[in-house]
Amino acid sequence: MFRNALRFLAGALAGALLWWFAAPAYDAFVGKAAEPLLRLDKRFRDVDTAERGRWVIVRSAGGRFGLGELPADQMTYNVILFIALMATVRRPRWRRVLAAVAVLFLSHVITFAIGTESLYANGRDPASTAANVWMMANLFLRVVGMLAVAFGCWWWVRAGGRRAR
Amino acid sequence: MKPARFLIRFIVLLAVLYLPLTLQSVDAAVIVPFSRAIAVVSGALLNVLGQHVAVSGVILTAGSNAVSIQNGCNGIEAVVFLVAAILAFPATWRQRLVGLVAAIAVIQILNLVRVVTLFLINRYKPDLFELFHLAIWQTVIGGAAVALFYVWTTRVHVPKRA
(Lines give C-alpha, C1' and ligand atoms only; values in the text may rest on other atoms or scores of the structure.)
Protein backbone atom coordinates (compact mmCIF):
# COMPACT_ATOMS: atom_id res chain seq x y z
CA MET A 1 0.00 0.00 0.00
CA PHE A 2 2.78 2.40 0.98
CA ARG A 3 4.64 1.62 -2.25
CA ASN A 4 1.50 2.23 -4.27
CA ALA A 5 1.05 5.59 -2.53
CA LEU A 6 4.62 6.54 -3.43
CA ARG A 7 4.11 5.46 -7.03
CA PHE A 8 0.88 7.47 -7.14
CA LEU A 9 2.67 10.57 -5.82
CA ALA A 10 5.53 10.20 -8.33
CA GLY A 11 3.02 9.76 -11.15
CA ALA A 12 1.00 12.76 -9.95
CA LEU A 13 4.11 14.92 -9.88
CA ALA A 14 5.12 13.83 -13.40
CA GLY A 15 1.54 14.32 -14.61
CA ALA A 16 1.24 17.79 -13.04
CA LEU A 17 4.49 18.92 -14.67
CA LEU A 18 3.44 17.50 -18.03
CA TRP A 19 -0.03 19.07 -17.84
CA TRP A 20 1.25 22.44 -16.63
CA PHE A 21 3.79 22.85 -19.42
CA ALA A 22 2.21 20.87 -22.28
CA ALA A 23 -1.46 21.78 -21.79
CA PRO A 24 -1.54 24.74 -24.24
CA ALA A 25 -0.10 22.66 -27.11
CA TYR A 26 -2.14 19.58 -26.20
CA ASP A 27 -5.36 21.60 -25.85
CA ALA A 28 -4.79 23.13 -29.30
CA PHE A 29 -4.38 19.58 -30.68
CA VAL A 30 -7.61 18.49 -28.96
CA GLY A 31 -9.39 21.50 -30.50
CA LYS A 32 -8.17 20.58 -33.98
CA ALA A 33 -9.18 16.94 -33.46
CA ALA A 34 -12.66 18.08 -32.39
CA GLU A 35 -13.22 20.11 -35.59
CA PRO A 36 -14.42 17.13 -37.74
CA LEU A 37 -16.79 16.13 -34.94
CA LEU A 38 -18.17 19.68 -34.71
CA ARG A 39 -18.62 19.84 -38.50
CA LEU A 40 -21.24 17.08 -38.20
CA ASP A 41 -23.41 19.97 -36.95
CA LYS A 42 -24.07 22.10 -40.07
CA ARG A 43 -23.86 25.31 -38.03
CA PHE A 44 -20.16 24.55 -37.44
CA ARG A 45 -19.40 23.64 -41.09
CA ASP A 46 -16.51 26.11 -41.28
CA VAL A 47 -15.34 25.90 -37.66
CA ASP A 48 -11.73 26.70 -36.89
CA THR A 49 -9.96 26.47 -33.52
CA ALA A 50 -6.77 28.07 -32.26
CA GLU A 51 -4.80 28.17 -29.00
CA ARG A 52 -4.91 31.27 -26.82
CA GLY A 53 -2.81 30.58 -23.74
CA ARG A 54 -4.60 27.99 -21.67
CA TRP A 55 -7.83 28.62 -23.58
CA VAL A 56 -8.88 27.56 -27.07
CA ILE A 57 -10.80 29.95 -29.27
CA VAL A 58 -13.53 28.75 -31.63
CA ARG A 59 -14.31 30.83 -34.71
CA SER A 60 -15.99 30.62 -38.07
CA ALA A 61 -13.78 30.91 -41.17
CA GLY A 62 -16.72 32.49 -43.06
CA GLY A 63 -18.10 34.59 -40.21
CA ARG A 64 -21.18 32.35 -39.74
CA PHE A 65 -20.98 32.55 -35.93
CA GLY A 66 -19.21 34.69 -33.37
CA LEU A 67 -15.94 34.05 -31.61
CA GLY A 68 -16.11 31.72 -28.60
CA GLU A 69 -13.55 30.81 -25.95
CA LEU A 70 -13.27 27.56 -24.01
CA PRO A 71 -11.13 26.94 -20.91
CA ALA A 72 -9.57 23.87 -22.53
CA ASP A 73 -7.15 23.11 -19.70
CA GLN A 74 -10.17 22.61 -17.43
CA MET A 75 -11.18 19.78 -19.77
CA THR A 76 -7.84 17.98 -19.76
CA TYR A 77 -6.48 18.16 -16.20
CA ASN A 78 -7.50 14.54 -15.53
CA VAL A 79 -4.29 13.64 -17.39
CA ILE A 80 -2.61 14.11 -13.99
CA LEU A 81 -4.89 11.63 -12.21
CA PHE A 82 -4.62 9.25 -15.18
CA ILE A 83 -0.79 9.20 -15.03
CA ALA A 84 -0.80 8.95 -11.22
CA LEU A 85 -3.15 5.95 -11.27
CA MET A 86 -1.30 4.27 -14.15
CA ALA A 87 1.95 4.61 -12.18
CA THR A 88 0.49 2.27 -9.54
CA VAL A 89 -0.03 -0.59 -12.04
CA ARG A 90 2.85 -3.05 -11.96
CA ARG A 91 3.82 -4.84 -15.14
CA PRO A 92 0.91 -3.53 -17.22
CA ARG A 93 0.04 -4.87 -20.65
CA TRP A 94 1.22 -2.04 -22.88
CA ARG A 95 -1.49 -2.60 -25.47
CA ARG A 96 -4.05 -1.88 -22.77
CA VAL A 97 -2.13 1.21 -21.69
CA LEU A 98 -2.10 2.51 -25.28
CA ALA A 99 -5.81 1.80 -25.62
CA ALA A 100 -6.41 3.67 -22.33
CA VAL A 101 -4.44 6.68 -23.61
CA ALA A 102 -6.57 6.63 -26.77
CA VAL A 103 -9.77 6.52 -24.69
CA LEU A 104 -8.53 9.44 -22.58
CA PHE A 105 -7.72 11.50 -25.69
CA LEU A 106 -11.08 10.64 -27.26
CA SER A 107 -12.84 11.72 -24.06
CA HIS A 108 -11.06 15.09 -24.27
CA VAL A 109 -12.12 15.55 -27.90
CA ILE A 110 -15.76 14.71 -27.06
CA THR A 111 -15.69 16.99 -23.99
CA PHE A 112 -14.34 19.84 -26.14
CA ALA A 113 -17.00 19.33 -28.84
CA ILE A 114 -19.81 19.15 -26.26
CA GLY A 115 -18.39 22.21 -24.47
CA THR A 116 -18.49 24.12 -27.76
CA GLU A 117 -22.08 23.05 -28.52
CA SER A 118 -23.10 24.03 -24.98
CA LEU A 119 -21.42 27.44 -25.27
CA TYR A 120 -23.20 28.36 -28.52
CA ALA A 121 -26.56 26.78 -27.59
CA ASN A 122 -26.51 28.87 -24.41
CA GLY A 123 -25.65 31.98 -26.43
CA ARG A 124 -28.57 31.37 -28.84
CA ASP A 125 -31.25 30.78 -26.19
CA PRO A 126 -30.26 29.84 -22.63
CA ALA A 127 -33.82 28.67 -21.82
CA SER A 128 -34.09 26.28 -24.77
CA THR A 129 -34.19 22.49 -24.39
CA ALA A 130 -31.07 22.23 -26.57
CA ALA A 131 -29.12 24.57 -24.28
CA ASN A 132 -30.18 22.57 -21.20
CA VAL A 133 -29.34 19.19 -22.75
CA TRP A 134 -25.89 20.37 -23.90
CA MET A 135 -25.27 21.97 -20.50
CA MET A 136 -26.19 18.73 -18.68
CA ALA A 137 -23.86 16.73 -20.92
CA ASN A 138 -21.12 19.33 -20.49
CA LEU A 139 -21.43 19.34 -16.68
CA PHE A 140 -21.54 15.54 -16.55
CA LEU A 141 -18.32 15.23 -18.55
CA ARG A 142 -16.46 18.06 -16.83
CA VAL A 143 -17.44 17.28 -13.25
CA VAL A 144 -17.75 13.50 -12.86
CA GLY A 145 -16.71 12.33 -16.35
CA MET A 146 -13.14 13.53 -15.85
CA LEU A 147 -12.75 11.39 -12.74
CA ALA A 148 -14.68 8.46 -14.20
CA VAL A 149 -12.58 8.22 -17.40
CA ALA A 150 -9.28 8.21 -15.50
CA PHE A 151 -10.65 5.63 -13.05
CA GLY A 152 -12.22 3.44 -15.75
CA CYS A 153 -8.99 3.34 -17.77
CA TRP A 154 -6.98 2.47 -14.66
CA TRP A 155 -9.41 -0.26 -13.57
CA TRP A 156 -9.28 -1.84 -17.02
CA VAL A 157 -5.47 -1.70 -17.32
CA ARG A 158 -5.06 -2.96 -13.76
CA ALA A 159 -7.41 -5.92 -14.40
CA GLY A 160 -5.32 -6.89 -17.42
CA GLY A 161 -1.99 -6.74 -15.56
CA ARG A 162 0.25 -9.80 -15.80
CA ARG A 163 0.22 -10.27 -12.03
CA ALA A 164 -3.10 -9.60 -10.37
CA ARG A 165 -2.79 -7.67 -7.08
CA MET B 1 -16.71 -9.72 -11.57
CA LYS B 2 -15.38 -9.06 -15.08
CA PRO B 3 -13.90 -5.54 -15.39
CA ALA B 4 -16.01 -4.66 -18.45
CA ARG B 5 -19.22 -5.65 -16.65
CA PHE B 6 -18.29 -3.61 -13.60
CA LEU B 7 -17.37 -0.57 -15.72
CA ILE B 8 -20.66 -0.66 -17.65
CA ARG B 9 -22.64 -0.86 -14.41
CA PHE B 10 -20.51 1.93 -12.94
CA ILE B 11 -20.99 4.29 -15.92
CA VAL B 12 -24.75 3.68 -16.08
CA LEU B 13 -25.10 4.30 -12.33
CA LEU B 14 -22.90 7.40 -12.57
CA ALA B 15 -25.13 8.89 -15.28
CA VAL B 16 -28.34 7.95 -13.46
CA LEU B 17 -27.08 9.48 -10.21
CA TYR B 18 -25.40 12.59 -11.60
CA LEU B 19 -27.69 13.81 -14.39
CA PRO B 20 -30.54 14.76 -12.00
CA LEU B 21 -28.03 16.90 -10.08
CA THR B 22 -27.49 19.05 -13.18
CA LEU B 23 -31.16 20.11 -13.19
CA GLN B 24 -31.72 23.71 -12.11
CA SER B 25 -34.37 22.72 -9.53
CA VAL B 26 -32.16 20.05 -7.91
CA ASP B 27 -29.21 22.44 -7.98
CA ALA B 28 -31.21 25.10 -6.14
CA ALA B 29 -32.77 22.70 -3.62
CA VAL B 30 -29.83 20.40 -2.87
CA ILE B 31 -26.47 21.44 -4.27
CA VAL B 32 -26.46 25.15 -3.44
CA PRO B 33 -27.58 24.61 0.21
CA PHE B 34 -24.92 21.91 0.54
CA SER B 35 -22.26 24.26 -0.89
CA ARG B 36 -23.48 26.98 1.51
CA ALA B 37 -22.99 24.59 4.43
CA ILE B 38 -19.43 23.90 3.25
CA ALA B 39 -18.85 27.66 3.02
CA VAL B 40 -20.10 28.16 6.61
CA VAL B 41 -17.87 25.39 8.02
CA SER B 42 -14.86 26.52 5.96
CA GLY B 43 -15.43 30.12 7.08
CA ALA B 44 -15.49 28.99 10.71
CA LEU B 45 -12.24 27.03 10.23
CA LEU B 46 -10.60 30.03 8.53
CA ASN B 47 -11.71 32.30 11.37
CA VAL B 48 -10.10 29.90 13.85
CA LEU B 49 -6.93 30.49 11.81
CA GLY B 50 -7.40 34.25 12.27
CA GLN B 51 -8.52 35.08 8.73
CA HIS B 52 -11.59 37.25 9.65
CA VAL B 53 -13.71 35.70 6.91
CA ALA B 54 -17.28 36.73 6.09
CA VAL B 55 -19.58 34.14 4.47
CA SER B 56 -22.30 35.17 2.04
CA GLY B 57 -24.04 32.24 0.37
CA VAL B 58 -21.31 30.19 -1.28
CA ILE B 59 -18.77 33.04 -1.20
CA LEU B 60 -16.02 33.42 1.39
CA THR B 61 -14.60 36.95 1.66
CA ALA B 62 -11.79 38.55 3.62
CA GLY B 63 -10.86 42.06 2.52
CA SER B 64 -10.38 42.05 -1.25
CA ASN B 65 -9.92 38.27 -1.32
CA ALA B 66 -12.94 36.13 -2.27
CA VAL B 67 -13.43 32.46 -3.09
CA SER B 68 -16.67 30.97 -4.41
CA ILE B 69 -17.60 27.31 -3.87
CA GLN B 70 -18.98 26.17 -7.21
CA ASN B 71 -20.03 22.80 -8.62
CA GLY B 72 -16.93 20.65 -8.77
CA CYS B 73 -15.53 22.28 -5.60
CA ASN B 74 -18.02 20.86 -3.11
CA GLY B 75 -16.90 17.21 -3.20
CA ILE B 76 -20.21 16.11 -4.73
CA GLU B 77 -18.43 14.70 -7.79
CA ALA B 78 -16.32 12.40 -5.61
CA VAL B 79 -19.37 11.39 -3.56
CA VAL B 80 -21.37 10.51 -6.71
CA PHE B 81 -18.35 8.62 -8.04
CA LEU B 82 -18.09 6.61 -4.79
CA VAL B 83 -21.81 5.84 -4.68
CA ALA B 84 -21.77 4.62 -8.31
CA ALA B 85 -18.59 2.56 -7.88
CA ILE B 86 -19.65 0.99 -4.56
CA LEU B 87 -23.14 0.14 -5.86
CA ALA B 88 -21.67 -1.34 -9.06
CA PHE B 89 -19.32 -3.62 -7.13
CA PRO B 90 -20.67 -6.93 -5.79
CA ALA B 91 -21.09 -6.72 -2.00
CA THR B 92 -23.78 -6.96 0.65
CA TRP B 93 -25.92 -3.89 1.35
CA ARG B 94 -24.45 -3.61 4.84
CA GLN B 95 -20.91 -3.56 3.42
CA ARG B 96 -21.94 -0.94 0.89
CA LEU B 97 -23.53 1.25 3.55
CA VAL B 98 -20.51 1.07 5.84
CA GLY B 99 -18.16 1.78 2.91
CA LEU B 100 -20.21 4.72 1.72
CA VAL B 101 -20.54 6.38 5.13
CA ALA B 102 -16.82 6.07 5.84
CA ALA B 103 -15.66 7.10 2.36
CA ILE B 104 -18.02 10.09 2.11
CA ALA B 105 -16.92 11.33 5.54
CA VAL B 106 -13.24 11.17 4.51
CA ILE B 107 -13.95 12.93 1.19
CA GLN B 108 -15.89 15.74 2.83
CA ILE B 109 -13.20 16.30 5.48
CA LEU B 110 -10.61 16.39 2.70
CA ASN B 111 -12.80 18.82 0.76
CA LEU B 112 -12.91 21.20 3.74
CA VAL B 113 -9.10 21.14 3.79
CA ARG B 114 -9.19 21.90 0.04
CA VAL B 115 -11.45 24.93 0.45
CA VAL B 116 -9.45 26.29 3.39
CA THR B 117 -6.08 25.87 1.65
CA LEU B 118 -7.38 27.30 -1.65
CA PHE B 119 -8.66 30.36 0.21
CA LEU B 120 -5.27 30.84 1.87
CA ILE B 121 -3.42 30.31 -1.43
CA ASN B 122 -5.69 32.81 -3.18
CA ARG B 123 -4.97 35.32 -0.44
CA TYR B 124 -1.23 34.90 -0.01
CA LYS B 125 0.01 33.28 -3.27
CA PRO B 126 -2.62 34.03 -5.92
CA ASP B 127 -0.27 33.11 -8.78
CA LEU B 128 -0.35 29.50 -7.54
CA PHE B 129 -4.15 29.36 -7.20
CA GLU B 130 -4.91 27.88 -10.63
CA LEU B 131 -2.26 25.18 -10.27
CA PHE B 132 -3.61 24.10 -6.87
CA HIS B 133 -7.26 24.55 -7.85
CA LEU B 134 -7.19 22.47 -11.02
CA ALA B 135 -4.12 20.28 -10.92
CA ILE B 136 -3.25 19.45 -7.34
CA TRP B 137 -6.50 19.42 -5.38
CA GLN B 138 -8.59 17.80 -8.12
CA THR B 139 -5.99 15.03 -8.34
CA VAL B 140 -5.88 14.63 -4.55
CA ILE B 141 -9.68 14.40 -4.25
CA GLY B 142 -9.96 12.07 -7.29
CA GLY B 143 -7.04 9.95 -6.08
CA ALA B 144 -8.52 9.76 -2.58
CA ALA B 145 -11.90 8.66 -3.97
CA VAL B 146 -10.26 5.93 -6.07
CA ALA B 147 -8.04 4.83 -3.16
CA LEU B 148 -11.00 4.67 -0.76
CA PHE B 149 -12.96 2.59 -3.24
CA TYR B 150 -10.00 0.29 -3.88
CA VAL B 151 -9.37 -0.24 -0.15
CA TRP B 152 -13.07 -0.99 0.34
CA THR B 153 -13.02 -3.61 -2.45
CA THR B 154 -10.13 -5.42 -0.72
CA ARG B 155 -12.17 -5.69 2.48
CA VAL B 156 -15.56 -6.80 1.20
CA HIS B 157 -16.71 -10.37 0.91
CA VAL B 158 -18.15 -10.94 -2.55
CA PRO B 159 -21.42 -12.84 -2.21
CA LYS B 160 -21.66 -15.88 -4.46
CA ARG B 161 -24.75 -16.55 -6.52
CA ALA B 162 -26.57 -19.83 -5.95
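Accessible areas here come from the Shrake-Rupley method with a 1.4 Å probe, and for residues only the protein chains shown count as cover. The model is predicted: local features need pLDDT of at least 70, side-chain atom pairs count only at pLDDT 80 or more, and totals for chains, interfaces and linings use all residues. Residues are numbered from 1 along each chain as its sequence is written, chains are lettered from A and ligands numbered from 1 in the order in which they are written, and side-chain values use heavy atoms, with hydrogens and water left out.

**Stop 1: chain A as a whole**

Select chain A. Its accessible surface comes to about 8200 Å², and 65% of that belongs to carbon and sulfur atoms. Along the principal axes, the C-alpha atoms of chain A fill a box of roughly 55 × 30 × 25 Å.

Switch to a cartoon view. Chain A has four helices and three strands; helices (H or I, at least four residues) and strands (E, at least two) are DSSP runs, numbered from the N terminus. Followed along the sequence, the pattern of chain A is α-β-β-β-α-α-α.

Colour by accessibility next. Of the 165 residues in chain A, 50% are buried, where buried means under 20% relative accessible area, exposed over 50%, and partly exposed in between (1.4 Å probe, protein chains only). Contact means heavy atoms within 4.5 Å. Among contacts in chain A between residues at least 6 apart in sequence, 65% join residues at least 24 apart.

**Stop 2: the side of chain A that touches chain B**

Show both chains. The contact involves 27 residues of chain A and 29 residues of chain B. Between them the two chains, A and B, bury about 2600 Å², 85% of it on carbon and sulfur atoms; buried area is the accessible area (1.4 Å probe) that two parts lose on being put together, summed over both.

How many salt bridges are there between chain A and chain B? The count is zero, a salt bridge being a side-chain nitrogen of Lys or Arg within 4 Å of a carboxyl oxygen of Asp or Glu. One residue pair is in polar contact between chain A and chain B (both at pLDDT 80 or more). A polar contact is a pair of N or O atoms within 3.5 Å; within protein, one must be able to donate a hydrogen and the other to accept it, and residues adjacent in sequence count only if both atoms are side-chain atoms.

Select helices H1 (2–38), H2 (78–86) and H4 (129–159) of chain A: each supplies at least two residues of the side that touches chain B. H4(A) gives the most to that side, with 15 residues. By class, this side of chain A has 22 nonpolar, two polar and three charged residues. Ala, Val, Leu, Ile, Met, Phe, Trp, Tyr, Cys and Pro count as nonpolar, Asp, Glu, Lys and Arg as charged, and the others, Gly among them, as polar.

**Stop 3: Leu147(A)**

Stay on helix H4 of chain A and select Leu147(A). Leu147(A) counts as buried, at 7% relative accessibility. Leaving aside neighbours within four places in sequence, Leu147(A) is in contact with Leu81(A), and with Glu77(B), Ala78(B), Phe81(B), Gly142(B) and Val146(B). Tyr77(A) is 70 residues away from Leu147(A) along the chain, and their C-alpha atoms are separated by 9.9 Å.

**Stop 4: salt bridges**

Side chains of opposite charge can pair when their charged atoms come close. Over all chains, a search of the whole structure finds nine salt bridges.

- Asp46(A) and Arg64(A) meet through their side chains at 3.7 Å, N to O. Asp46(A) lies in the loop between H1 and strand S1 (47–52) and Arg64(A) in the loop between strand S2 (55–60) and strand S3 (68–70) of chain A, so the pair ties together parts that are 18 residues apart in sequence. Asp46(A) is buried at 17% relative accessibility, and Arg64(A) is partly exposed at 44%.
- Arg54(A) forms a salt bridge with Asp73(A), with the closest N and O atoms 2.8 Å apart. Arg54(A) is partly exposed, with a relative accessible area of 21%, and Asp73(A) is buried, with 5%.
- Glu77(B) and Arg114(B) form a salt bridge at 3.5 Å, N to O. Both residues, Glu77(B) and Arg114(B), are buried.

Finally, select Lys32(A), Glu35(A), Arg39(A), Asp48(A) and Arg59(A), which salt bridges with shared partners join into one network.
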